[in-house]
Amino acid sequence: MKWFSSDRSEGPRTIAADVSSGTLARMLESARQNFNANVDEPTMREVLRLIQKRQKIEAIKVMRMATRQGLKESKDVVDHLEDLLKKA
């Protein structure tokens with residue numbers, strides 16, 4: 001049975017081509033400096049992919065699990081990343 005509400009049945013995918021490795025590195029550094037969110041690169045790629053797919057709640061859940069921060073802190077990080085994506 002295929003899931004209709006999300007891509008749970010599919011394997012991991014890379015983020016869209018418009019986010020370069022330099023942009024990814026800048027976002028990782030920004031999350032670390034501004035929000036004390038130590039996130040590894042695969043997790044950041046997953047969060048960015050979810051943001052691009054407009055699945056913000058799922059992105060917040062992934063960020064929250066990865067950083068062990070609270071809901072508000074994780075939402076702030078995702079909001080910040082979303083703003084950076086819009087500017088990129």
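The questions and answers below concern a predicted model.

Q: What secondary structure elements does the protein chain have, and in what pattern do they follow one another?
A: The protein chain has 4 helices and 0 strands. Along the sequence the pattern reads α-α-α-α.

Q: What share of the protein chain is called buried?
A: Of the 88 residues, 34% are buried. The term applies to a relative accessible area under 20%.

Q: How is the packing of two helices described in general?
A: Two numbers are used: the angle between the two axes and the distance between them.

Q: Why is helix 2 called roughly antiparallel to helix 3?
A: The axes of helix 2 (residues 41-52) and helix 3 (residues 56-67) cross at roughly 165° and come within 8 Å. Angles over 145 degrees count as roughly antiparallel, and therefore helix 2 is roughly antiparallel to helix 3. The crossing of these helices is left-handed.

Q: Which residues make the contact of helix 2 with helix 3?
A: Helix 2 contributes Thr43, Glu46, Val47, Leu50 and Ile51, and helix 3 contributes Lys56, Glu58, Ala59, Val62, Met63 and Ala66. Sorted by class, the contact has 7 nonpolar, 1 polar and 3 charged residues.

Q: What makes helix 1 roughly perpendicular to helix 2?
A: The axes of helix 1 (residues 21-35) and helix 2 cross at roughly 100° and come within 11 Å. The range for roughly perpendicular is 65 to 115 degrees, so helix 1 is roughly perpendicular to helix 2.

Q: Which residues make the contact of helix 1 with helix 2, and how do they divide by class?
A: On helix 1 they are Leu24, Met27, Leu28 and Ala31; on helix 2 they are Glu41, Met44, Arg45 and Leu48. The contact of helix 1 with helix 2 divides into 6 nonpolar, no polar and 2 charged residues.

Q: How far does helix 4 reach, and what is expected?
A: Helix 4, with 17 residues, reaches 24 Å from its first C-alpha to its last, close to the 24 Å expected at 1.5 Å a residue.

Q: Which residues of helix 2 are buried, and what covers them?
A: Thr43, Met44, Val47, Leu48, Arg49, Leu50 and Ile51 are the buried residues of helix 2. Their cover includes helix 1, helix 3 and helix 4 (71-87).

Q: Which residues of helix 4 are buried, and against what do they pack?
A: In helix 4 the buried residues are Ser74, Val77, Val78, Asp79, Leu81, Leu84 and Leu85. The buried residues of helix 4 pack against helix 1, helix 2 and helix 3.

Q: Why is Ser74 called buried?
A: Ser74 has a relative accessible area of 0%. Buried means under 20%, so Ser74 is buried. Leaving aside residues up to four places away in sequence, Ser74 touches Ile60, Met63, Arg64, Thr67 and Gln69.

Q: Why is Ala25 called partly exposed?
A: The relative accessible area of Ala25, a residue of helix 1, is 43%. Buried means under 20% and exposed means over 50%, with partly exposed in between, so Ala25 is partly exposed. The C-alpha atoms of Ala25 and Met44 are separated by 9.6 Å, and the two residues are 19 residues apart along the chain.

Q: What makes Arg54 exposed, and where is it found?
A: Arg54 is found in the loop between helix 2 and helix 3. Its relative accessible area is 78%; exposed means over 50%, so Arg54 is exposed. Arg54 also has a positive phi of about 60°, although it is not a glycine.

Q: What makes Arg68 exposed, and where does it lie?
A: Arg68 lies in the loop between helix 3 and helix 4. With a relative accessible area of 76% against the cut-off of over 50%, Arg68 is therefore exposed. The phi of Arg68 is positive, near 60°, in a residue other than glycine.

Conventions:
Residues are numbered from 1 along each chain as its sequence is written. This is a predicted model: local features need pLDDT of at least 70, side-chain atom pairs count only at pLDDT 80 or more; totals for chains, interfaces and linings use all residues. Side-chain values use heavy atoms; hydrogens and water are left out. Axes are lines fitted to C-alpha atoms, for helices over the stretch in contact, and angles run from 0 to 180 degrees between N-to-C directions. Helices (H or I, at least four residues) and strands (E, at least two) are DSSP runs, numbered from the N terminus. Angles under 35 degrees count as roughly parallel, over 145 as roughly antiparallel, 65 to 115 as roughly perpendicular and the rest as oblique. A crossing is left-handed if the near helix is turned anticlockwise from the far one by less than a right angle, and right-handed if clockwise. Contact means heavy atoms within 4.5 Å. Ala, Val, Leu, Ile, Met, Phe, Trp, Tyr, Cys and Pro count as nonpolar, Asp, Glu, Lys and Arg as charged, and the others, Gly among them, as polar. Buried means under 20% relative accessible area, exposed over 50%, partly exposed in between (1.4 Å probe, protein chains only). The expected span of a helix is 1.5 Å times one less than its number of residues.
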